[in-house]
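Keep the 3D view open as you read.

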Amino acid sequence: MHYPKHVAVIPDGNRTRAKENNVSIPEAYWVSYQKGVDMLEYTFTNTDVSVFTLRGLSTENTAKRPQEEYDFLMNMYKQVDSKLDEILEKNQINFMRIGNPAWVTDGFKNYLNEKKTRFSYPTNKRFVFAINYGWRDEITRGIQKLAQQGMDLSNVTEEDITAALDLGHIPPIELVIRTKWDQAQRTSGFMSWWIGYAELYFTAKRCPELDIPTFKEALAWFDTMAEKRNFGK
C-alpha cells in the first residue's frame, strides 16, 4: 500500500455536531480531540506515515472564540496528556508545535515547549500540532525572520522561505483530510505553502464523528491516487 509521508487533518464541525445532537460545545471538542489522539496512535502503529499534523486552532479561531471557550480548549489539551504522552514515548514520536505563539497563554506555551523538549527523538516520526496557525501569518513571520537575519530579500529563494517557515524541511503534506465537506469543501488556507501537491479528501462527517474507519478510508483512497500523482509531468 502506498502511504503518504505526511498527513494533515483539518477538523471541522464541532459546533454543528453539538447543535445537531443537543450536546455542549465543550463535549464535542473533547470527543474530537480524543479521536485525534486515536488517529495519531493508529498512524504510527499501523502505517508508514512519518508525519501527522493536526490543526488545533487557526488564527481566525483564536480571534473569534469566546474567552471561556478558548480557556476550555487550552485546558482540554492538557487533560488527555497521559494517553498522548504514552503514544509519543512508546513510538518515539517527536512533538512539534507550529503557529503564532501570540495569543497563546503563558501556561499553555510553557506546556507546549516542555512537551517539545521532552519528546525529542532521533527518528523521522513527528506529531505536528497547529495552534493559532494561519498560513498568511506563517509566511509573514517567515519573511520577517529572514529580514531580521539580515538577508537581502530581493534575492530570497524558495528554499530560504521554506527554511524560515514553521515546518522547515519536514516533508510536505501529501494528504489532507477535511471534515464537514457538505459545508466546507476547502482547505481554509491551512498550510498553503505545504499542500500544493497534496491530495484532498473530504468527508461529510463532523469532526467528532471522524474515526479510525474513516481515516483508513482516506488512506485507502490515497493509495488509489498514488500512481496518478505525476506532479505536473
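Helix H9 (residues 212-226) has these buried residues: Thr 214, Phe 215, Ala 218, Leu 219, Phe 222 and Ala 226. Here buried means under 20% relative accessible area, computed with a 1.4 Å probe on protein chains only. Because they cover an arc of only 145° around the axis, they sit on the same side of H9; the arc is taken from the directions that run from the helix axis to the C-beta atoms. Helices (H or I, at least four residues) and strands (E, at least two) are DSSP runs, numbered from the N terminus.

The model is predicted: local features need pLDDT of at least 70, side-chain atom pairs count only at pLDDT 80 or more, and totals for chains, interfaces and linings use all residues. Residues are numbered from 1 along each chain as its sequence is written, and side-chain values use heavy atoms, with hydrogens and water left out.

Now turn to the sheet. It is open, with six strands in the order E3-E4-E2-E1-E5-E6 and parallel pairing; strands pair if DSSP finds at least two bridges between them. Strand E3 (94-98) and strand E6 (199-202) are the edges, each pairing on one side only.

Strand E5 (residues 175-178) joins E6 in the parallel sense over four bridges, and Leu 175 has Glu 199 as its bridge partner in E6. H9 packs on this sheet, touching strand E1 (6-10), strand E2 (51-58), E5 and E6, where contact means heavy atoms within 4.5 Å.

Methods:
Axes are lines fitted to C-alpha atoms, for helices over the stretch in contact, and angles run from 0 to 180 degrees between N-to-C directions. Buried means under 20% relative accessible area, exposed over 50%, partly exposed in between (1.4 Å probe, protein chains only).
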